[in-house]
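Here is a briefing for a reader who is new to this structure. Look over the chains before turning to the notes.

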Amino acid sequence: MNARARNLLGLALVGLVGLSFLILTPRFAELDTVLDLTVYMIMAILALSLALVWGYGGILCFGQSAFFGLGAYTYAIAMFNFGESTIPLLLAIALPAAFAALLGYFMFYGRISDVYLGVITLTVTLILFNSVNSTAGPEFHIGSARLGGFNGIPGIPPLNVPGNKAAVIDLEGMFYLSTAALLATYFGLRLLLASRFGRIIVGIRENERRAELLGYDPRAYKLVTFTIGGALAGFAGCLFANWGNFVSPTIFGLAQSAQIIIWVIVGGRGTLIGPIVGCIGVQWLSAALGANQPSGSDWWTRVLANAPLILGIILIAFVLLVPKGLVPTLGDLGQWLLRARARRVATGLKPKQAEEG
Amino acid sequence: MDLIALLAIQVIYAIASLALISVGLAIIFGMMRVINLAHGEFLMLGGYVAIVATGHGVSIWIAMLVVAPVVVGIIGVIVERTIIRFLYGRMVDTMLATWGLSLFLVGLTTAVFGNTTVGISAPLGSFQIGAYRTSGYTLFVIAVAFVVLGGIFAVLRWTRLGLIARGTMQNANMAAALGVNPPRVYAVTFGVGAALSGLAGAVLAPVSGVFPTIGVAYVAKSFITVIGGGAAILTGTVSASALFGTINQIATFATTPVFGEVALLATAIVLIRLLPQGITGRFFRRGL
Amino acid sequence: MRVNRRKFLQGTAAAAAVGAFSGNAWADDPIGVASIHDLSGGLDIYGKPMVDALTLAVEEANAAGGLLGRQIKLINYDTQSNMQLYTQFAQQAALKDKVAVVHGGITSASREVIRPVLDRFKTLYFYNTQYEGGVCDRDQFDTGVTPAQTVEKLVPYAMKKWGKKVYVIAADYNYGQITSQWVKKYVTENGGEVASIDFFPLDVTNFGSTISKIQAAKPDFVWSALVGGAHISFYRQWAAAGMRKSIPMASTTFAVGNEHIVLSPEECNGMLVCYNYFQDLKNKTNETFVAAFHKRFGEDYPNVTELAMGTYQGFRLWAEGVKKAGSVDRMKVIEALETGISIDAPSGKVTIDPPTHHCILDVHIAEVNDKKLNVLEDFAQQKPSDTAAVCDLIKNPNDNQQYVIKI
Amino acid sequence: MAAPLLETRNLSMHFGGVQAVRSVNFALAEGELRCLIGPNGAGKSTFFKMLTGQLVPSQGQVLFRGEDISHAHAHQIARLGIGIKTQVPNVFDGLSVRENIWLAANRIHSGERANSVVDEMLERVGLTGAAERLVGQLAHGQRQWVELGIVLSTDPRLILLDEPAAGMTHEEVYKTAELVRQINRSKALIVVEHDMQFIRMIADKVTVFNQGAVLVEDAVENILRNPLVRDIYLGKQAAA
């Protein structure tokens with residue numbers, strides 16, 4: 001079966017799994033599982049934003065958390081000032097997007113590329129971290145929202161049905177919303193990548209100079225890609241602020257920004273489903289490692305009840321054993337199996353043909 | 001007047017410590033294009049080694065200047081042989097691996113040392129500048145930075161190892177051309193880088209203290225310094241440290257440590273925007 | 001939407017119901033107690049001792065036959081200094097483990113993350129850390145000391161000893177901000193002046209310029225409300241600059257993270273601190289406690305911290321409440337505790353203050369001396385007067401917020 | 001005669017102290033095919049880079065259809081109608097042949113039109129069979145064809161070919177020459193080449209570069225007879 005057919009089959013599969021997951025989970029899973037899944041869905045959107053920017057746009061962004069955090073803070077601050085969530089939601093997408101556009105213009109039209117992009121984006125998110133982290137004093141507030149510094153902003157009001165303050169979206173509502181948003185994002189990006197634009201940005205990733213000599217302006221294409229990524233990350237941030245009703249500066253921190261990159265690498269760059277899998281996998285892992293810890297001070301407990309230690313070992317092993325990332329490797333495996341089967345069939349046929357011949 | 005003098009010392013100290021924490025990374029990144037996210041943990045390990053050594057009655061000076069670099073250097077070589085060497089030319093994967101490594105090292109140190117570790121206090125008392133007292137140890141750190149940088153210069157400039165190193169920086173096959181097997185060069189390089197980080201960590205331990213998660217405080221800053229410096233290991237590190245250190249300290253003194261930090265980061269951004277190849281990408285190209 | 005809300009309400013109802021049933025329905029299965037603390041990452045230096053103390057408390061209770069004839073099961077979560085995990089684990093504790101009570105949260109930030117979750121899912125919550133005060137929530141109990149209980153005592157003591165000009169340095173977050181305001185209040189009330197208040201984010205490690213600023217201001221003593229591993233470097237640099245001998249220091253945060261053990265005597269001897277608990281308190285209960293603690297966690301255990309004791313006492317208070325209520329049902333236990341239950345704890349008598357859900361307890365001023373904390377003076381039964389000024393859960397039981405107390 | 005299609009006015013480029021191209025005055029008429037020869041390091045590639053905006057000249061101007069493009073961006077120049085096939089095949093290795101061609105065709109044609117253009121082009125460069133293969137996996141010669149296909153698909157007015165016959169088998173060289181002549185019916189070309197047979201097959205006029213400057217400019221047969229050219233060029237080549 002040819003690439004196109006396989007592609008469509010894949011899409012259909014993802015859609016089917018996604019939808020059934022969306023519909024069935026709340027009916028069969030415990031509420032706490034549903035709540036955990038909600039945050040995984042939200043983070044998966046964040047992972048997708050980097051999957052686009054880095055995996056397809058070839059822009060190594062070490063500061064995707066900057067847009068994520070901006071989205072969360074924007075929503076929180078706007079929410080305390082407006083009280084009705086429609087505008088805050090839009091702002092939480094528009095502001096990070098605008099910021100990404102600004103930063104992107106600054107970088108791409110300055111011909112900054114490669115690891116230097118990484119450093120600038122990292123630096124930006126660290127600046128945000130330091131600044132927001134030092135706003136604990138009462139003098140730091142935007143409208144009626146106190147920034148809260150290290151403590152962050154607790155008790156953020158949840159989203160409501162547009163236009164109707166009273167109809168607040170409850171916990172299960174959040175699950176439906178986040179999962180639907182993730183699916184929408186996934187298919188939206190699939191469409192984008194299948195479009196002229198998508199094929200061009202991949203071309204630019206493959207060979208920027210050639211694309212230029214064909215008359216494409218890489219700077220413009222990168223800028224747009226980066227901006228879309230920023231918008232998505234901001235949206236994820238808004239949902240995140242809703243999920244925990246809370247946001248704090250650590251959202252801009254080094255750990256957070258590194259995590260997003262880890263998700264994408266683990267899942268596999270240059271795919272969309274990969275980063276989703278990677279994100280959920282890593283998140284689930286660190287939650288699982290933190291839960292039901294043995295308590296005590298003897299040496300073995302110290303080693304076994306030690307989330308970073310174990311997570312670290314797993315990550316290292318992963319790089320060495322699954323270098324291409326989860327999804328691509330599974331893909332290769334599938335291919336190999338198919339070919340193996342094909343061979344067996346072929347050899348199986350030979351004698352029979354001989355008889356007929 | 002005395003305030004100026006004091007400020008001057010603090011600026012030089014800031015530059016020195018920035019150079020110290022960065023130079024190890026500069027070598028590893030500059031020569032091997034490995035983004036070592038566990039760099040901070042190498043510094044942290046340096047501190048712990050120094051503490052343990054002094055705990056076992058080793059003179060604090062030996063512990064900081066000899067034991068720490070040697071031990072961390074060995075750890076570096078082990079890491080290179082067991083992990084990094086499989087990842088050359090895969091800069092991104094080295095990021096994931098070293099991030100994992102950094103978590104692992106943090107976890108391990110916590111498991112071994114617990115989270116309450118008796119530190120070492122700064123030797124060499126304090127001295128008076130006009131109305132102010134300041135730590136004599138500050139001057140020691142500055143001195144160490146000078147010696148380390150001077151040493152690197154000497155090695156790069158006058159030894160065969162240095163020649164090979166510069167060669168490898170120009171292009172990786174160069175080393176092979178010079179009749180050395182690159183794996184050896186890489187192992188050595190990584191070891192040296194780690195050792196220098198260990199030294200820095202140990203020397204700074206009495207000032208900033210030692211706890212398993214201190215690495216985070218270092219890694220971003222040193223990475224930014226290295227990239228800001230650009231291709232040339234030595235001139236790059238020195239010039240970037242000088243720029244960032246000065247701005248950071250003056251801003252800190254004029255306002256608060258936060259603004260100092262932010263000023264440093266902002267400078268880094270502007271710098272890279274103006275000189276996309278880092279300082280040495282544009283100036284002192286002939287630098288080492 | 002409507003469907004969702006209905007189903008969701010059922011969900012929570014169920015969650016709450018289990019709390020009630022587990023009192024009598026399945027009388028023999030263990031009572032779940034959740035611990036949610038940072039056992040790794042930057043804050044583990046505080047979390048580890050707290051969890052150890054809680055572990056001991058639970059084991060003691062079980063050894064004494066458990067509660068209401070049932071064993072107690074400690075479910076221990078490590079939030080890895082990651083806020084997102086606080087939310088996730090609070091949800092798991094309430095919905096999956098369906099625990100009778102949650103002990104947890106270290107920073108005020110983490111408390112404000114779990115508090116709404118546990119309120120929503122009707123799960124009793126104990127926050128056992130010393131903090132800035134002002135939390136007013138009937139579903140929650142705060143067993144740690146607040147500024148009014150310690151600062152009020154330490155400020156005049158230090159001023160009498162050293163002089164009237166104070167320079168305050170504080171961690172740049174709620175606790176530091178608010179505590180420094182209390183310091184200012186009491187300093188001025190005692191006829192002194194505050195030269196300056198400087199704030200530092202928790203990851204600052206270079207204090208060189210600050211130290212020169214302080215020298216320029218020439219205060220009689222420095223008040224430190226610095227917090228966390230990074231801030232330890234201030235004391236090192238302060239001592240290295242030879243300042244310890246010329247300008248003394250007082251604090252209500254020092255030693256909570258065992259700073260007095262991490263630092264060498266030359267770096268911190270003579271510093272004054274004020275807390276509810278010190279390992280060397282001379283009383284029968286404490287001596288037996290310390291003995292038991294060392295037996296369980298080893299003789300070389302650095303020190304039983306203020307926060308560890310807060311957690312230990314938090315659990316003991318809850319257990320008393322359960323005994324009195326004869327049930328682990330949330331509401332019954334709250335009402336029992338609101339009768340003003342008190343226990344004979346290692347730190348002395350500890351009593352729940354019904355209107356604030358905080359504690360009335362002894363505080364002590366101590367001096368750091370060669371890695372030990374020598375108690376100098378005791379103040380019996382201090383009331384949480386700061387929170388009391390804004391919070392009365394007897395009058396308005398549905399109050400649920402953290403007040404910023406006007407100072 | 002009409003204004004030239006492409007013109008350079010004492011165009012110069014130096015890197016640090018090295019003078020790669022020194023005040024070159026060069027003119028190319030509409031529809032002309034010009035060969036550029038000269039020893040390695042004569043500055044031919046640098047010259048091309050300046051024409052396509054990959055390098056900004058140190059001095060002098062490049063005029064394309066009367067417009068000064070010396071400081072224009074590479075993509076702008078491409079849009080004006082200059083296409084280049086570099087010496088080392090510069091293609092999208094990670095993409096299939098079809099995608100490569102499509103990226104070019106897509107710039108001027110939209111939707112279905114682009115796809116049909118792609119098919120025609122695949123036919124023309126004889127890669128229909130390999131359409132779905134990754135370019136990175138093709139042989140050097142085939143990748144040359146891919147790049148040629150890319151360049152042609154953007155339908156430029158002027159095409160710069162940097163050693164199109166390099167690394168090609170004998171019959172491939174003939175095929176290429178055939179194609180180049182065919183292209184020349186509708187477009188102007190500048191071809192850098194060392195292979196004299198190839199040049200004879202395609203060119204009438206030849207410009208000789210040496211040490212960054214134009215040495216001579218003349219008809220092929222005269223150039224081949226020119227003693228100067230012999231020793232600087234063929235001599236060097238023999239020596240090399």
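The notes below go from the contacts between chains to the chains themselves.

This is a predicted model. Four pairs of chains are in contact, and chains A and C share the most contacts among them. Chain D is a compact case: its radius of gyration of 18 Å agrees with the value near 18 Å for a compact globule of 240 residues.

**Chain A with chain C**

- Chain C brings 41 residues to this contact, and chain A brings 40 residues.
- On the side of chain C, the elements that give two or more residues are α1 (2-21), α2 (44-63), β2 (72-78), α3 (83-96), α4 (108-120) and α6 (174-189).
- Of these, α3(C) gives the most, with 10 residues.
- By class, the side of chain C that touches chain A has 18 nonpolar, 16 polar and seven charged residues.

**Chain A with chain D**

- Here the contact takes 14 residues from chain A and 19 residues from chain D.
- On chain A, α7 (196-206) and α8 (208-213) each supply at least two residues of the side that touches chain D.
- The most comes from α7(A), with five residues.
- The side of chain A that touches chain D holds four nonpolar, three polar and seven charged residues.

**Chains that do not touch**

- Chain B and chain D do not touch, and their nearest C-alpha atoms are 12 Å apart.
- Chain C and chain D do not touch either, with 39 Å between their nearest C-alpha atoms.

**Inside chain A: two domains**

- In the contact between them, 12 residues of domain 1 of chain A meet nine residues of domain 2 of chain A.
- On the domain 1 side, the elements of chain A that give two or more residues are α10 (254-267) and α11 (273-290).
- Of the two, α11(A) gives the most, with six residues.
- That side of domain 1 of chain A divides into five nonpolar, six polar and one charged residue.

**Inside chain A: a helix pair**

- Helix α2 (residues 31-56) and helix α9 (residues 218-244) of chain A have axes that come within 8 Å and cross at roughly 170°.
- Angles over 145 degrees count as roughly antiparallel, so α2(A) is roughly antiparallel to α9(A).
- The residues of α2(A) that meet α9(A) include Ile42(A), Ile45(A), Leu46(A), Ser49(A) and Val53(A).
- From α9(A), the residues in this contact include Phe226(A), Gly229(A), Leu232(A), Phe240(A) and Trp243(A).
- By class, this helix contact has 17 nonpolar, four polar and no charged residues.

**Inside chain C: two domains**

- The domain assignment of chain C gives domain 1 (2-145 + 281-363 + 389-402) and domain 2 (147-275).
- Their C-alpha centres lie 31 Å apart.
- The contact between them takes 14 residues from domain 1 of chain C and 17 residues from domain 2 of chain C.
- On the domain 1 side, α2 and α12 (306-325) of chain C each supply at least two residues.
- The residues on that side of domain 1 of chain C divide into seven nonpolar, five polar and two charged.

**Inside chain C: a covered helix**

- Helix α8 (residues 232-240) of chain C is mostly covered, with nine of its nine residues buried.
- The buried residues of α8(C) include Phe234(C), Tyr235(C), Arg236(C) and Trp238(C).
- After α8(C) comes Gly242(C), whose phi is positive, near 75°.

**Chain D on its own**

- Chain D has nine helices and 10 strands.
- Along the principal axes, its C-alpha atoms fill a box of roughly 50 × 40 × 40 Å.
- Buried residues make up 45% of the 240 residues in chain D.
- Among contacts in chain D between residues at least 6 apart in sequence, 63% join residues at least 24 apart.

Methods:
Residues are numbered from 1 along each chain as its sequence is written. Chains are lettered from A and ligands numbered from 1 in the order in which they are written. This is a predicted model: local features need pLDDT of at least 70, side-chain atom pairs count only at pLDDT 80 or more; totals for chains, interfaces and linings use all residues. Two residues are in contact if their C-beta atoms, placed from the backbone, lie within 7 Å. Helices (H or I, at least four residues) and strands (E, at least two) are DSSP runs, numbered from the N terminus. Ala, Val, Leu, Ile, Met, Phe, Trp, Tyr, Cys and Pro count as nonpolar, Asp, Glu, Lys and Arg as charged, and the others, Gly among them, as polar. Domain bounds come from an automatic or database domain assignment. Axes are lines fitted to C-alpha atoms, for helices over the stretch in contact, and angles run from 0 to 180 degrees between N-to-C directions. Angles under 35 degrees count as roughly parallel, over 145 as roughly antiparallel, 65 to 115 as roughly perpendicular and the rest as oblique. The radius of gyration is taken over C-alpha atoms; the globule rule is 2.2 Å times the number of residues to the power 0.38. A residue is buried if 20 or more other C-beta atoms lie within 10 Å of its own, exposed if 12 or fewer, and partly exposed in between; C-beta atoms are placed from the backbone.
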